[in-house]
Amino acid sequence: MVTDTIADYLTRVRNASRAGHRVVEIPASNLKKEMTKILFDQGYILSYKFDADKVQGSIKIALKYDKITKEPVIRKIQRISKPGLRKYAPSEELPRVLNGLGIAIVSTSHGVMTSKQAKAENVGGEVLCYVY
């Protein structure tokens, strides 16, 4: 049994991209689906597909690589708020990752979004992870 499902999600994506895999399959949850949509919208993954053939379902993510160097687009994906130590930030103190080149995924009362969107909507929340 996995206690931190978000860390498991991030680890599976990180390990698959470092190993050069094209597709990674992850057990689904609503939070993971929203995080996957954000990664797709921001251009970090190629595509995704939600399969609901089992009780829990799964997410299939097609990873994105640079065409010339064959390097993964996701250079680093890091968990920030952990079950043992939650990290919350008000809208004024939401982090900028790599001076705006990366994204921070934030869970707010208005849903899961990037820190840039949360600042625009003037809502704070739990900082889940950094991606760059």
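Trainee: Why is Y48 called partly exposed?

Mentor: This is a predicted model, and in it Y48 has a relative accessible area of 29%. Buried means under 20% and exposed means over 50%. The value for Y48 is 29%, so Y48 counts as partly exposed.

Trainee: What makes F40 and Y48 an aromatic pair, and why is the pair called edge-to-face?

Mentor: The ring centres of F40 and Y48 are 5.3 Å apart, and rings pair if their centres lie within 6.5 Å. The planes of F40 and Y48 make 75 degrees. Planes over 60 degrees apart count as edge-to-face, so this pair has that name.

Trainee: Why is the pair of Y48 and F50 called tilted?

Mentor: The centres of the Y48 and F50 rings are 5.1 Å apart, with the planes at 45 degrees. Stacked needs under 30 degrees and edge-to-face needs over 60.

Trainee: How many aromatic pairs does a search of the whole structure find?

Mentor: The search finds two. F40, Y48 and F50 form one aromatic cluster.

Trainee: How do you know that the charged end of K33 sits over the ring of F50?

Mentor: The charged end of K33 is 5.4 Å from the centre of the F50 ring. The limit is within 6 Å, together with a position within 35 degrees of the ring normal.

Trainee: What makes β1 and β2 edge strands?

Mentor: The sheet is open, has three strands in the order β1-β3-β2, and pairs antiparallel. β1 (23–27) and β2 (45–51) each pair on one side only.

Trainee: How do you know that β1 and β3 pair?

Mentor: Strands pair if there are at least two bridges between them. β1 and β3 (residues 58–63) have five, in the antiparallel sense, so they pair. In β3, I59 is the bridge partner of I26.

Trainee: Which strands does helix α2 touch?

Mentor: Helix α2 (residues 30–41) packs on the sheet and touches β1, β2 and β3.

Note on methods
Residues numbered from 1 in each chain as written. Predicted model: local features only at pLDDT ≥ 70, side-chain atom pairs only at ≥ 80, totals over all residues. Heavy atoms only, no water. Phe/Tyr/Trp six-rings, centres within 6.5 Å; stacked < 30°, edge-to-face > 60°. Buried < 20%, exposed > 50% of the residue type's maximum accessible area, 1.4 Å probe, protein only. Helix = DSSP H or I, 4+ residues; strand = E, 2+ residues; numbered from the N terminus. Contact = heavy atoms within 4.5 Å. Axes fitted to C-alpha atoms, helices over the stretch in contact; angles between N-to-C directions.
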